[in-house]
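Open the model in your viewer and keep the sequence panel beside it. The tour below says what to select at each stop and what is found there.

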Amino acid sequence: MSGPLRVLQVASEAFPLIKTGGLADVVGALPGALAAEGMEIRTLLPLYPAVRQRLERAEPLLELGELMGGPARLLAGAAAGLALFLLEADHLYDRPGGPYQGPDGADWPDNAQRFAALAWAARALGLGALAGWRPDVVHAHDWQAGLAPAYLALSGLPRPATVTTIHNLAFQGQFPASLLSELRLPASAFTIDGVEYWGAIGFLKAGLVYADRLTTVSPTYAREITTPAFGMGLDGLLRLRADRLTGIVNGIDERVWNPAADPALPAPFDADRLEGREACRQALVAELGLDPGAAPLFGVVTRLTWQKGTDLLLEALPHLLASGGALAMLGSGEPALEAAFREAARGHPGRIAVRFGYDERLAHRIFAGADAILVPSRFEPCGLTQLYALRYGAAPIVARVGGLADTVIDANEAALADGVATGFQFAPVTVEALIDALGRATALFRDRARWRVLQRRGMTRSLGWKARAPAYARLYRELLAERERGSAARR
Ligand code: ADP
Ligand code: GLC
């Protein structure tokens, strides 16, 4: 092998171009971190209108002909420091609404074609359609890219190594078997060892079957998903491939998440200058119309879904209020949850403030101004909000699952005595355990000196990608070395 190792990452979102959750944060930050490891990463994205708007440059690269119902081509582009390949296929992506759903909140009816097309473009790049740039590794993120490793393996041609990363096993991308040939999948692949999943075509399942290596975003989640309780029906397959599966905790992008230089904040701060943080807290309280005397101020920034456990928080609210606390929530998602929190806010003005919708800058202000951030998830592959909370000096209060278990050190007596505690964990994921953790956090908060130690400890932990990227670099190198050995053995 000569020159830098080349990786094509394939994904449906990347911050700051298009984002619905943590996947975008990871896809947007990984290339920079891997560049520091001497690797060359390019990212393949669909050319949604939001992405087109934010491109700094774009030029046509390769005609792909007819693709899933219309003409398609690849553009080369750049934005926010990312080297991009963009799949231009206006019949699939040029429409208002989100990357997965229309303005009415319903999934796009042609999501199978939309993301099969993305994977097909990855196949073309992987098989060397561009003379100047051929990847050594194709790295597929989540179900939207799941068919890429499948198309490459099924091509029967010399191909790059492939990796599938699971960011969330709850989203699997299942589509009717009748689409098989339209999606350019051979009938022979429609078996239990192939793309078939309970009589349908499983995009994530395909990625898990055909990729050379599998990763997920924390070691605890990597273990959890091999069990029926967390495996979402894919635990059997994941057990079979357990020797190919690793968990690598996500990092945070320290250029975007740095309280000492964050344009969204009213005042800068860091672990040694916490006065700025007090100014951020006061500004947030004023912005949300909260009672300045209510404390601790608990913050939540989340998608409102069953996964995130905010229904448990609803039930715990009376306790939170009774002990003097306040709540600042930014969320978007299920209408029933939004309605319930809106109702709670109406009943407790000054103590509960809710904002619905997606607001990146308000999210930053909540991490900077809240005393603690609540993450009561029922499952959490990694979770990024507890990491942003740590960096911004808000103590995370988290359910002991997945990446939350791996990234927060509980403030039990031993950890407090050692000065290593950074937040609060609770288990099992029940209202009672959450209430208990709220009580522990409130008690420690009233002990200002000990709280400061915990807060500073979290703020100074190394959370950036610099510490995480070497694990991906090692994985790619190992995988290529393994393939070298394999082909040497065949020669
Ligand atoms: P998930 O990807 O499962 O939603 P993560 O914790 O990994 O969970 O990532 C969530 C990301 O989305 C974080 O960057 C968080 O700040 C952001 N986020 C979630 N909800 C909102 C919202 N309503 N407004 C702004 N940002 C949000
Ligand atoms: C998913 C998971 C979340 C993780 C994110 C980025 O959205 O729900 O836990 O942090 O992907 O990997």
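Predicted model: local features only at pLDDT ≥ 70, side-chain atom pairs only at ≥ 80, totals over all residues.

Residues are numbered from 1 along each chain as its sequence is written, chains are lettered from A and ligands numbered from 1 in the order in which they are written, and side-chain values use heavy atoms, with hydrogens and water left out.

**Stop 1: ligand 1**

Select ligand 1 and the 21 residues that surround it (a residue is near if one of its heavy atoms lies within 4 Å). Lys19, Gly22, Asp25, Arg303 and Leu384 are the closest. Now look for N or O pairs within 3.5 Å, the cut-off for a polar contact. The side chain of Lys19 places an N or O atom 2.8 Å from an oxygen atom of ligand 1. Leu384 has a backbone N or O atom 2.8 Å from a ligand 1 oxygen, and for a backbone N or O atom of Thr385 the distance is 3.5 Å. On its own, ligand 1 has 560 Å² of accessible area, of which the protein covers 94% (Shrake-Rupley method, 1.4 Å probe).

Colour by secondary structure next (DSSP runs numbered from the N terminus; helices are H or I with at least four residues, strands E with at least two). Elements giving two or more residues to this shell include helix 1 (22–35), strand 14 (326–333) and helix 13 (385–391). Strand 13 has the largest share, 3 residues.

**Stop 2: ligand 2**

Move to ligand 2, which has 14 residues around it; His167, Asn250, Glu380, Cys382 and Gly383 come nearest. A polar side-chain atom of His167 is 2.6 Å from an oxygen atom of ligand 2. For an N or O atom in the Glu380 side chain, the distance to a ligand 2 oxygen is 2.5 Å. Pro381 has a backbone N or O atom 3.4 Å from an oxygen of ligand 2. The protein covers 92% of the 310 Å² of accessible area that ligand 2 has on its own. Helix 1 gives the most to this shell, with 3 residues.

**Stop 3: helices 16 and 17**

Finally, select residues 431–445 (helix 16) and 448–460 (helix 17). How are these two helices packed? Their axes lie 7 Å apart at an angle of about 110 degrees (axes are lines fitted to C-alpha atoms over the stretch in contact, with angles from 0 to 180 degrees between N-to-C directions), which makes helix 16 roughly perpendicular to helix 17 (65 to 115 degrees). Show side chains for Ala441, Leu444 and Phe445 of helix 16 and Arg448, Arg450, Trp451 and Leu454 of helix 17, which make the contact (heavy atoms within 4.5 Å).

Terms used:
Polar contact = N/O pair within 3.5 Å; in protein donor to acceptor, adjacent residues only side chain to side chain. Parallel < 35°, antiparallel > 145°, perpendicular 65-115°, else oblique.
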